[in-house]
Amino acid sequence: MEKKLRFNSATIHGGQSPDKAYGAVMHPIYQTSTYAQSTPGGHQGYEYSRTHNPTRSALERSIASIENGKYGLAFASGMAAMDTVLKLFNPGDEIISTNDLYGGSYRLFTKIFEKYGLKIQFVNMDKPEIVAQYLNDKTRLIWIETPTNPMMNVVDIRAIAALGKANNTLVAVDNTFSSPYLQQPLDFGADIVMHSATKYLAGHSDTVMGLLVVNDDALEEQLAFIQNSTGAVPGPMDCFLTLRGIKTLHLRMERHSENGAEVAAFLQQHLKIEKVYWPGFTDHPYHDIAKAQMKAFGGMLSFIPKGGDLKSAIKIVEHLKIFTLAESLGGVESLAGHPASMTHASIPKEIREKSGVVDSLIRLSVGIEDVQDLIEDLDQAIG
Ligand SMILES: *Cc1c(COP(=O)(O)O)cnc(C)c1O
């Protein structure tokens with residue numbers, strides 16, 4: 001059996017080997033849609049690139065390796081990966097999801113899948129007992145996001161996975177915010193890990209990519225069947241870029257976490273800041289759970305300016321010079337976002353505000369620049 005590599009080696013070598021044709025150290029980009037056959041059906045494992053492509057396979061092996069899973073599946077975007085998971089289910093099936101989640105995931109649940117008869121309940125997952133109240137014999141999936149976007153609440157993956165298992169319900173974790181460097185949900189009993197690899201995994205804001213990781217053979221077969229049937233697969237160039245990004249994931253996440261901690265501490269003591277949401281604070285309501293399931297706390301945080309309203313929040317994000325005002329997160333460069341008008345605009349205001357996404361909330365994706373420059377930039381923008 002192949003030796004199990006430690007995480008910081010698996011990011012570079014997990015599931016990879018030098019190219020058989022010419023010994024290329026980096027996996028080649030197989031920019032091809034089809035493959036020559038010597039006789040009908042006589043191929044070398046690849047027939048058509050919607051079904052499989054060698055560059056995509058290399059990425060799928062890589063993500064499986066660093067999530068401690070058996071199988072990886074790559075998609076054209078994070079939403080395409082989630083869409084494939086939801087197509088496992090039938091009209092009448094029920095899903096329980098975190099109530100504080102990525103706006104696009106909320107939209108996919110409510111605007112697309114509800115009309116095909118899936119019933120989705122959005123639940124505060126801070127307390128597993130609450131999730132237990134919603135479980136019944138029709139519940140097919142529990143969808144977890146942790147830390148949540150943008151409120152940085154933490155869901156106890158082990159506790160929810162145990163509930164799922166006892167009810168014969170699949171448990172999926174959107175691990176985009178943490179990346180496998182910070183937490184590996186399959187180890188805690190989850191059945192499916194989903195990534196918007198657009199974010200930390202690719203890591204350079206140059207690719208849109210989705211990934212799934214599972215351990216179960218039958219589940220992989222079903223997901224691969226949907227992947228091939230519906231066809232939302234990524235191209236080989238994007239697979240190559242994501243694979244390249246993953247090779248430095250451990251180094252980037254270390255710096256994102258260090259810078260995130262310093263920026264959180266700076267904002268926390270700032271007289272013009274009302275509240276900072278970051279799970280690394282010891283008085284964060286779920287700090288203990290975060291500490292138990294995460295290796296560090298990453299580079300994502302949110303804050304509210306004192307006496308803030310829509311206008312003052314917008315003024316701050318417009319005055320930032322190093323932080324770029326943009327959607328997305330997880331790249332080497334720092335980004336600032338205004339969830340109420342950007343990532344979470346597709347969630348109705350009443351629902352959004354119930355989970356804390358008020359008009360004055362600002363979300364930061366702290367990059368890997370010199371942290372002193374980031375702090376000075378925030379300081380001048382806050383004024
Ligand atoms: C960006 C994001 C998604 C969607 O992924 P895409 O690659 O943009 O399709 C899903 N979940 C979270 C937490 C995200 O940040």
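Start with the open sheet of 5 strands, ordered S8-S9-S12-S11-S10 with mixed pairing. Strands here are DSSP runs of E with at least two residues, helices are runs of H or I with at least four, and both are numbered from the N terminus. Two strands pair if DSSP finds at least two bridges between them.

You're looking at a predicted model, where local features need pLDDT of at least 70, side-chain atom pairs count only at pLDDT 80 or more, and totals for chains, interfaces and linings use all residues. Residues are numbered from 1 along each chain as its sequence is written, and side-chain values use heavy atoms, leaving out hydrogens and water.

Next, select S9 (residues 300-305), which pairs with S8 in the antiparallel sense over 4 bridges. Click Val-276 and you'll find it opposite Phe-303 in S9.

Time for the loops. Pick Ser-328, in the loop between S10 (324-325) and S11 (335-337).

Who touches Ser-328? Leaving aside neighbours within four places in sequence, show Thr-198, Lys-199, Leu-335 and Arg-363, which are in contact with Ser-328 (heavy atoms within 4.5 Å). Last stop, Lys-3: Lys-3 and Ser-328 are 325 residues apart in sequence and 36 Å apart in space, C-alpha to C-alpha.
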